[in-house]
Amino acid sequence: MAYDLLKGKKGIIFGALDENSIAWKTAESVHAEGGTFVLSNAPIAMRMGQIKDLAAKTGSQIVPADATSEDDLNALIAKSMEILGGKLDFVLHSIGMSVNVRKGRHYTDEKYDFTAKGWDVSALSFHKVMQSLYKADAMNEWGSIVALTYMAAQRVFPDYNDMADNKAYLESVARSFGYFFGKEKKVRVNTISQSPTPTTAGQGVKGFDGFISYAEKMSPLGNATAQDCADYTVSLFSDLTRKVTMQNLFHDGGFSSTGVSQEVIDYFSK
Ligand SMILES: NC(=O)c1ccc[n+]([C@@H]2O[C@H](COP(=O)([O-])OP(=O)(O)OC[C@H]3O[C@@H](n4cnc5c(N)ncnc54)[C@H](O)[C@@H]3O)[C@@H](O)[C@H]2O)c1
């Protein structure tokens, strides 16, 4: 269902790799709500992903950028304003990658150049995106910036590895930059802490199937899907949430507030 919530709004969506990506679903929903945007992803993802199909479907242009490169980000932001004909109203940072996870290195056996690369891609890139936007004065007043995170930033999920530390940093950057963006430019900055979701990045986490089934049983409303996340993000980009900023917003069907569910009790009472 569409309500024209984003009619006339312009932005950048990072991180749509394939149709399972949270950013892919978000792009479709933003389009349905009347928003226009530039799609961006790492140059390598252009070859791996199906982003061209999404661009055609949503009438968008693609501007590649490695989110760790300040030069790429500055060029992307300038180009996006040119394509869209003015300043931006929304930005989605939907980017994550851990080299330690990819290479199967345990948390107690990290290779630190892997750790540094994963941190740069998954966490510092959010600061870089916002610093580029801030310096270029690229956001309209009452604009909205959202990044995606996971509850491993607050609680231990052993196989989430160094991504837990990256997410804690990402959430902190949202608060810190949110202060300055709010004060100086009336722009809000939030993170959405999403349920486990079957995407390329999600399924890279060891034991993902057990993990997602457990979360499903623990959440009174069940896990939030990628489409649910897209809907929530639309609300945060809309004018209906103008005073929500510097928050880490749990979007997880109630998982984060549940100690134990009846299903889990029943399982262990057998
Ligand atoms: N899937 C889950 O279970 C889950 C849960 C909570 C939060 N998240 C977060 O949601 C976000 C999106 O992930 P997803 O699950 O949709 O998976 P995904 O694999 O579809 O998306 C991750 C994206 O990051 C991009 N990326 C990697 N390195 C990059 C770089 N250097 N520059 C620019 N882009 C780069 C990839 O190309 C890809 O498009 C991530 O931040 C992830 O941590 C995912």
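Where in the chain does Ile-95 lie? Ile-95 is found in the loop between β4 (88-93) and α5 (99-102), and the legends below take up this residue along with other sites. The model is predicted, and local features are described at pLDDT of at least 70, side-chain atom pairs at pLDDT 80 or more, while totals for chains, interfaces and linings use all residues. Residues are numbered from 1 along each chain as its sequence is written.

**View 1. Ile-95 and Ile-22 are among the positions that an unreviewed UniProt entry annotates as "binding site".** The annotation also covers Gly-15, Ser-21 and Lys-167; UniProt positions follow the numbering used here, feature names are shortened, and annotations may be inferred rather than shown by experiment. Ile-95 counts as buried because 24 C-beta neighbours lie inside 10 Å, the term requiring 20 or more other C-beta atoms within 10 Å of a residue's own, with 12 or fewer making a residue exposed, values in between making it partly exposed, and C-beta atoms being placed from the backbone. Not counting residues up to four places away in sequence, Ile-95 touches Phe-14, Gly-15, Ala-67, Val-121, Ser-122 and Ser-125, where contact means C-beta atoms, placed from the backbone, within 7 Å. Ile-22 is placed in helix α1 and is buried, with 27 C-beta neighbours inside 10 Å; helices (H or I, at least four residues) and strands (E, at least two) are DSSP runs numbered from the N terminus.

**View 2. Tyr-150 and Tyr-160 carry the UniProt annotation "active site" in the unreviewed entry.** Tyr-150 lies in the loop between β5 (139-149) and α7 (163-185), and Tyr-160 is found in the loop between β5 and α7. Tyr-150 is buried, with 26 other C-beta atoms within 10 Å, and Tyr-160 is buried with 24 C-beta neighbours inside 10 Å. Leaving out residues up to four places away in sequence, Tyr-150 touches Tyr-160, Lys-167, Ser-193 and Gln-194, whereas Tyr-160 is in contact with Tyr-150, Ala-152 and Val-205.

**View 3. Helices α6 (residues 112-135) and α7 pack at an angle of about 10 degrees, with their axes 8 Å apart.** The two helices are therefore roughly parallel to each other, a label for angles under 35 degrees, as against roughly antiparallel over 145, roughly perpendicular from 65 to 115 and oblique for the rest. Axes are lines fitted to C-alpha atoms, for helices over the stretch in contact, and angles run from 0 to 180 degrees between N-to-C directions. Residues of α6 including Trp-119, Phe-126 and Met-130 meet residues of α7 including Met-163, Leu-170 and Phe-177. The contact comprises 11 nonpolar, four polar and no charged residues, with Ala, Val, Leu, Ile, Met, Phe, Trp, Tyr, Cys and Pro taken as nonpolar, Asp, Glu, Lys and Arg as charged, and the others, Gly among them, as polar.

View 4. Asp-137, in the loop between α6 and β5, has a positive phi of about 50 degrees although it is not a glycine, and Asp-137 is exposed, with 10 other C-beta atoms within 10 Å. Trp-142 lies in strand β5 with a positive phi near 65 degrees, and Trp-142 is partly exposed, with 13 other C-beta atoms within 10 Å.

Key. Contact = placed C-beta atoms within 7 Å.
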